[in-house]
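Student: I would like to go through this structure with you and ask where each label comes from. Could you set the values against the definitions as we go?

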Amino acid sequence: MSKTILAFSLFTLVLAATISSCKKDNNSADYASQADCSSLPAAATTYSAVIKPILDLSCASAGCHDAITSAEGVDLSDYAKSKNAFEKKEVLCSIHHGSGCKAMPQGADQLDAVTINKIDCWVKNDYPQ
């Protein structure tokens, strides 16, 4: 009986370790907190003036993260949906080509550092509209 309990305990421990090692690196919040926004006040990273044009050009194009397609369950077609995606999904990790995340934009080069920093600062500054 004790061998069965020991075997079950060992199996449970190995299973737990395996599952925890398969988790994605969900550190999207870390990207925003590490952003250097000293030269970008919140007013310089509003959704309507700065972020929406970036998302429309690089992410919310037809067949990707637009309102109709919403690839991977991510719709970046308007402010509310974009904010929700950045809060709930690993969008920053994908934009940064982070470990365990699907690199975006798919099939294209990574966004340049200045553009990524603007997006990070938008998140860090609590998504100014």
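Student: Which helix gives the most to the lining of the largest pocket, and what makes a stretch a helix here?

Tutor: Helix α5, residues 91-95, contributes the most to that lining, with three residues. Helices are DSSP runs of H or I with at least four residues, strands are runs of E with at least two, and both are numbered from the N terminus. A word on the source: this is a predicted model, where local features need pLDDT of at least 70 and side-chain atom pairs count only at pLDDT 80 or more, while totals for chains, interfaces and linings use all residues. Residues are numbered from 1 along each chain as its sequence is written, and side-chain values use heavy atoms, with hydrogens and water left out.

Student: What makes a space a pocket and not a cavity?

Tutor: On a 1 Å grid over the protein atoms alone, a cavity is a set of points where a 1.4 Å probe fits but cannot get out, whereas a pocket is an open set with protein on both sides within 12 Å along at least five of seven lines. Lining residues have an atom within 4 Å of a point. The largest pocket holds about 420 Å³ of space. It is lined by 21 residues, and those closest to its centre are His65, Glu72, Val74, Ser94 and Met104. For the volume, grid points are joined across faces, edges and corners, and the space filled by probe spheres set on the points is taken.

Student: How many residues of each class does the lining have?

Tutor: Ten are nonpolar, six polar and five charged. Ala, Val, Leu, Ile, Met, Phe, Trp, Tyr, Cys and Pro count as nonpolar, Asp, Glu, Lys and Arg as charged, and the others, Gly among them, as polar.

Student: Why is Ser82 called buried?

Tutor: Ser82 has a relative accessible area of 0%. Buried means under 20%, exposed over 50% and partly exposed in between, with a 1.4 Å probe and protein chains only, so Ser82 is buried. Ser82 sits in helix α4, residues 79-88. Beyond its neighbours within four places in sequence, it is in contact (heavy atoms within 4.5 Å) with Tyr47, Leu55, Asp75, Leu76, Ser77 and Trp122.

Student: And how do you know whether Ala49 is buried or exposed?

Tutor: Its relative accessible area is 54%, so Ala49 is exposed. Ala49 belongs to helix α3, residues 47-58. Its C-alpha atom is separated by 8.6 Å from that of Gln129, 80 residues apart along the chain.

Student: How do you know what span to expect of α6?

Tutor: The expected span is 1.5 Å times one less than the number of residues. Helix α6, residues 113-124, has twelve residues and reaches 16 Å from its first C-alpha to its last, close to the 16 Å expected. Asp112 caps its N-terminal end, with a side-chain oxygen 3.1 Å from the backbone nitrogen of Val114.

Student: What makes His97 and Asp126 stand out in phi?

Tutor: Neither is a glycine, yet phi is positive: near 60° for His97 and about 65° for Asp126. His97 lies in the loop between α5 and α6, and its relative accessible area of 33% makes it partly exposed. Asp126 is in the segment after α6 and is exposed, at 57%.

Student: Which peptide bond is cis?

Tutor: The one from Met104 to Pro105, with omega near -5°. Pro105 also lies in the loop between α5 and α6.

Key:
A polar contact is a pair of N or O atoms within 3.5 Å; within protein, one must be able to donate a hydrogen and the other to accept it, and residues adjacent in sequence count only if both atoms are side-chain atoms.
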